[in-house]
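Work through the exercises below with the sequence and the model in view. Each task is followed by its solution in steps.

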2 protein chains.
Amino acid sequence: MKFEVTILGSSSATPIFNRNPTAQALNINERLYLIDCGEGTQQQMLRFDVKASRIDHIFISHLHGDHYLGLVGLLSSMHLNGRKKALYLFGPAHLKEIIDLQFKYSETTLQFPLEFTAIDAQKAEVIVNNSDVIVETIPLDHRIPCTGFLFKEKKRLRKLIKEKLEDLNVPVEYYTALKRGNDYTSASGKVYKNDTLTTDSQAPKSYAYCSDTLYNEQYFEQISNVTLLYHESTFLNDMLDRAKETHHTTALQAGEIALKTHARRLLIGHFSARYKTLNELLDEARSVFPETELAIEGKTFAIE
Amino acid sequence: MKFEVTILGSSSATPIFNRNPTAQALNINERLYLIDCGEGTQQQMLRFDVKASRIDHIFISHLHGDHYLGLVGLLSSMHLNGRKKALYLFGPAHLKEIIDLQFKYSETTLQFPLEFTAIDAQKAEVIVNNSDVIVETIPLDHRIPCTGFLFKEKKRLRKLIKEKLEDLNVPVEYYTALKRGNDYTSASGKVYKNDTLTTDSQAPKSYAYCSDTLYNEQYFEQISNVTLLYHESTFLNDMLDRAKETHHTTALQAGEIALKTHARRLLIGHFSARYKTLNELLDEARSVFPETELAIEGKTFAIE
């Protein structure tokens, strides 16, 4: 099952040096989940061939403009391009008020259902649970209410050992039960333990998206052992005071968080406009957690 | 005096084919006047080196998203980049409500004065009158209240004929009065007519910005004889019914408007997403009005 993330925006606060405000497109089994939607996200989607028609879920972390100002434009374009199927939108309660006001004055009635779910930034909650993925909110610590999002692949079915089933002439109608972990009892009454007929599937993979936040251990347990951790790294650690003041994280801290929470890999982004080049941020995070990459726009990272 | 317009966005409704929603930067005597501000305008400004710090006036024609969704992002960036001087914003009354709501929830208090003037789309009004330019609204005919903007260079002072003034020993303190068109009376009481001592300056130049609108003669008189007419040309004329239905103009109509209003030159833009290439639109407008150009993004057009 495909599980990968494409970076559409990596800049904090303002666009600069060809970097755009935050947005990411997560592909899970060929369905797209858009995470944040800074100004220009729809232009970035065109640039990197990310199809709006394949997005059914959008998640907005918080109401700072660099995380949502592209949303009304994207919704308008979906509407103008003939979208009819529902779109599920998750974000702070006031987001709906902002959208409604803008569509009111543009006299736009969306031609598709926009199903909005308000997020309570105070507690972790499951907000999506479908056949592919469970999505939980991650309460973060920012200047205004802000949540990250944890995407956990659904536990996969066990894999059948086809040769054994054929040797034993197991009827095909038992296969689904075997995949689910049940034992098999033959016509003659003999019981075959599930693990003699199947093998375990790969462990479910997971992606945690943490932006924007102060370094705060409150969410560490929830994101422990993720396959890929995206964590904001707005500043180098020599700007730690500024990071604290603005409720952001440094690259060094992001590395420490990945280490402490046993992430398999780390992706850093949300780079301050003060950094024209990003190598120092990468080096700093890697000094603590070597398996770190930069969230470069247009790059796709497999979650595996 | 510099008087030129740089195109930042040329697309109607949705960004496509590397075309962005509408925005233009008008440079009058090295001060920038931003006209409309579609999503991604601040990115386009970075791309084409249009400095936000040089903008003191922003004009929003109407509240369709493709004409203003980049505004809150631009204002935020001005704020974050330390702007202190006032910004004068002109647009539909509800624009202020939209901006205020978004800054309320992002908990942003702008560090510069945002001086907002609500436009009445029902009548032409002078909204700016400074030493360089007079700006009038142009009531247009769109689906929601919409105005264009007419920029008229201030009538310039007359040019002194230096040799004559020196021959006559006209005291320097009379020069300003002469430039303003007054006659000169010498110490001996002899009157010299102004036009014997000065020459007329160049005729004031003008720029009319008309987007979005149905073909409607109501605004033709107001824009007559402009140096450069920007007119929306969303469709080719084979889509005339669609143009009428959506309250837009065709390229042929734009050419006709330029012809009827005696524009010196015509610039067409606001191209529909149905046109990947623009030559047909240009050819159609030129078939009526040869002095037509396409509003290509990044291009600067001198108004002369």
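**Exercise 1.** State what share of chain A counts as buried, and describe the chain as a whole.

Solution. Step one: of the 304 residues of chain A, 57% count as buried, where buried means under 20% relative accessible area, exposed over 50%, and partly exposed in between (1.4 Å probe, protein chains only). The model is a predicted one, in which local features need pLDDT of at least 70, side-chain atom pairs count only at pLDDT 80 or more, and totals for chains, interfaces and linings use all residues. Residues are numbered from 1 along each chain as its sequence is written, chains are lettered from A and ligands numbered from 1 in the order in which they are written, and side-chain values use heavy atoms, with hydrogens and water left out.

Step two: chain A holds nine helices and 18 strands; these are DSSP runs numbered from the N terminus (helices H or I, at least four residues; strands E, at least two). The C-alpha trace of chain A spans about 70 × 50 × 35 Å along its principal axes.

Step three: take the contacts in chain A between residues at least 6 apart in sequence; 66% of them join residues at least 24 apart. Contact means heavy atoms within 4.5 Å.

**Exercise 2.** Find how chain A and chain B are related.

Solution. Step one: chain A is superposed on chain B by a rotation of 180° with 0.1 Å of shift along its axis, and the RMSD is 0.2 Å. The two copies are therefore related as by a two-fold rotation axis.

Step two: the residue of chain A that comes closest to the rotation axis is Gly40(A), with its C-alpha at 2.6 Å.

Step three: 100% of the interface residues of chain A are also interface residues in chain B, so the copies meet through the same surface.

**Exercise 3.** Locate Asp66(A) and decide whether this residue is buried or exposed.

Solution. Step one: Asp66(A) is in the loop between strand 4 (55-59) and helix 2 (71-80) of chain A. Step two: its relative accessibility is 9%, so Asp66(A) counts as buried.

Step three: leaving aside neighbours within four places in sequence, the contacts of Asp66(A) are Ser12(A), Ala13(A), Pro21(A), Thr22(A), Gly38(A) and His270(A). Step four: an unreviewed UniProt entry lists Asp66(A) for "active site"; such annotations may be inferred rather than shown by experiment.

**Exercise 4.** Which peptide bond is cis in chain A, and which in chain B?

Solution. Step one: recall that most peptide bonds are trans, and that most residues other than glycine have a negative phi. Step two: in chain A, a cis bond joins Ser211(A) and Asp212(A), with omega about -5°. In chain B, the bond from Ser211(B) to Asp212(B) is cis, with omega near -10°.

Step three: Asp212(A) is in the loop between strand 14 (206-210) and strand 15 (228-232) of chain A. Asp212(B) lies in the loop between strand 14 (206-210) and strand 15 (228-232) of chain B.

**Exercise 5.** Describe the backbone and the exposure of Glu30(B) and Asn225(B).

Solution. Step one: phi of Glu30(B) is positive, near 70°. Glu30(B) is in the loop between strand 2 (23-28) and strand 3 (31-37) of chain B, and at 40% relative accessibility this residue is partly exposed.

Step two: phi of Asn225(B) is also positive, near 65°. Asn225(B) is in the loop between strand 14 and strand 15 of chain B and is exposed, with a relative accessible area of 53%.

Conventions. Copies are superposed by least squares on the C-alpha atoms of residues with pLDDT of at least 70 in both.
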